[in-house]
Amino acid sequence: MKSTFPYKFFNWSIIILFLATLFPLLLLSFYSEPILDDYVYAIKLLSRSFLDVQVYEYMYWGSRYTATGILITNPIYFGWFGGYHVLSFLMIFLFVLGSNFMFYQISGNKKMTVVLMAAFCFTYFFMLPDITSAFYWLAGSATYNLGNILSLFFIGSIIKAKKCDSYFYKIIAFVLVFLIIGCNEISMIYIDVFIFLLFVYSYFNNKKIDVLYLSLFIFAGALTLLIFASPGNQLRSSSTIAHHLSLSQCILKTIKKSITIIVRYFILVFIIQLLVLFNIREWLKKRNFPYLKHSIAFFIFLLLAVLFLGSFPSLWSVGFFPPLRTVNVIFFEMLIFSMIIAHKIVIMPYFDTIKISPYFLVVILFVTIFSYVFAIQDKKSYDLTNNLYHSYKDIVSGDMIKYKKEMEERYEVIRNSKEDTIYVKPIKIKPETIFRSDLKEINDHFYNKNMANFFGKSAIILRK
């Protein structure tokens, strides 16, 4: 594709949209505050060693050793609340960095990398189902969003290891598999399937066994068995036995959830990615992507499989639809396959006959995005996400500053009080992007208990 101004204009448009989405999220990270589980994990090292906590969690709660490791070393454990903001910032920054690394290994072209990364990150930030859990609540981000970040680096590392026959990146790949499987069960399933597909593809393409893929598959399989064998997982699952569903019920509800995800998130994301890739289709046609040579029907099947595998485990194990923080992981995988399918479409010979001005593509892009933003202003009304609107609203309205001030006043009351039972005022300003939950008017709620234990009090109770 000739590097003419119109095509550059469209590419710069998606880059500007990406930066416009990234900026408020990074700014808001400095106004996030610890909530819910953050407090209870932050004091676990007071009574047990790091290894003892991991063993206890494995035996009595779950097997998410990577997430647990981060949560129990939360900076607030050391009294550094500013470190909580740094972690929120890093959860956003590392996603961008991982995307850039992955796309550069895929394309080998810096300009194409920037465009693909911008499109991918923009759609992720723009349509992420639960942005609070992804970036501003450590218990959610360390469990789910971190798995997404590590998956980006894993894909890039595998490509780099195969291209350069690099032992360093091969070792990194094993480390990343270990860390991803320790984040959450859905990321674990996805990485297992991905490695298996790599192994099968390599075998049929080269007519021999790839030692790296086989080793990774055995390693991932062993870790997966360790996760499934966790007594903590079994205990947690048994606590919801009254809600367990039959196999047919699970399948039907999984299909229903998959359709919901497609309607709420896939359609708009796919339109945006299709526009971006259509504009750079001449670049794409000149590149050789060996892993994408299969038919579009094959990748559509994989997309549907990804949606199914993301929802089924939650319904089967606990009888409930996966919460939005889990849907974040499903959405991430959906985003990858959406881009692959869009790529398969735009390189079809038929599209060579379609002549659309890049300026017109920009108009379609902006009309599509901002029609959605202003039509779906309150996501609670339609149960749809609107991260771009709410992030700017939280900043422009000053809600993020007011919220932080209220939280600082609460901390001051707690720290200065000599009473064991403390009553605090409810938070009045609740920024949509960074606020998740407040204390309750009873001490039995786990948020109240966790915060009280962290500050060394008998009880912290909300009083209106």
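Which residues line the largest cavity? The model examined here is predicted, so that local features require pLDDT of at least 70 and side-chain atom pairs count only at pLDDT 80 or more, while totals for chains, interfaces and linings use all residues. Residues are numbered from 1 along each chain as its sequence is written, and side-chain values use heavy atoms, with hydrogens and water left out.

One cavity of 30 Å³ or more is present in the structure. A cavity is a set of points on a 1 Å grid over the protein atoms alone where a 1.4 Å probe fits but cannot get out, and lining residues have an atom within 4 Å of a point. The largest cavity holds about 40 Å³ of space, the volume being the space filled by probe spheres set on the points. Its lining consists of Y84, L87, S88, M91, F135, Y136, W137, L138 and S141. At least two lining residues come from each of α5 (82–107), α7 (131–136) and α8 (138–164); helices are DSSP runs (H or I, at least four residues) numbered from the N terminus. The greatest contribution, four residues, is made by α5. Seven of the lining residues are nonpolar, two are polar and none is charged, where Ala, Val, Leu, Ile, Met, Phe, Trp, Tyr, Cys and Pro count as nonpolar, Asp, Glu, Lys and Arg as charged, and the others, Gly among them, as polar.

Helix α8 also packs against α9 (residues 167–181), at an angle of about 155° and with the axes 9 Å apart. Axes are lines fitted to C-alpha atoms over the stretch in contact, and angles run from 0 to 180 degrees between N-to-C directions. The two helices, α8 and α9, are therefore roughly antiparallel (angles over 145 degrees). Among the residues of α8 that meet α9 are F153, F154 and I158, and the α9 side includes Y169, I172 and L176; contact means heavy atoms within 4.5 Å. This contact of α8 with α9 comprises 12 nonpolar, three polar and two charged residues. In the loop between α8 and α9 lies D165, a residue other than glycine with a positive phi, near 50°.

A further packing pair is formed by α13 (residues 247–279) and α15 (residues 296–318), whose axes are 8 Å apart at an angle of about 125°. The residues of the contact of α13 with α15 divide into 13 nonpolar, three polar and two charged.

Definitions and conventions: 1 Å grid on protein atoms, 1.4 Å probe; cavity = no way out; pocket = protein on both sides within 12 Å on 5 of 7 lines; lining within 4 Å. Parallel < 35°, antiparallel > 145°, perpendicular 65-115°, else oblique.
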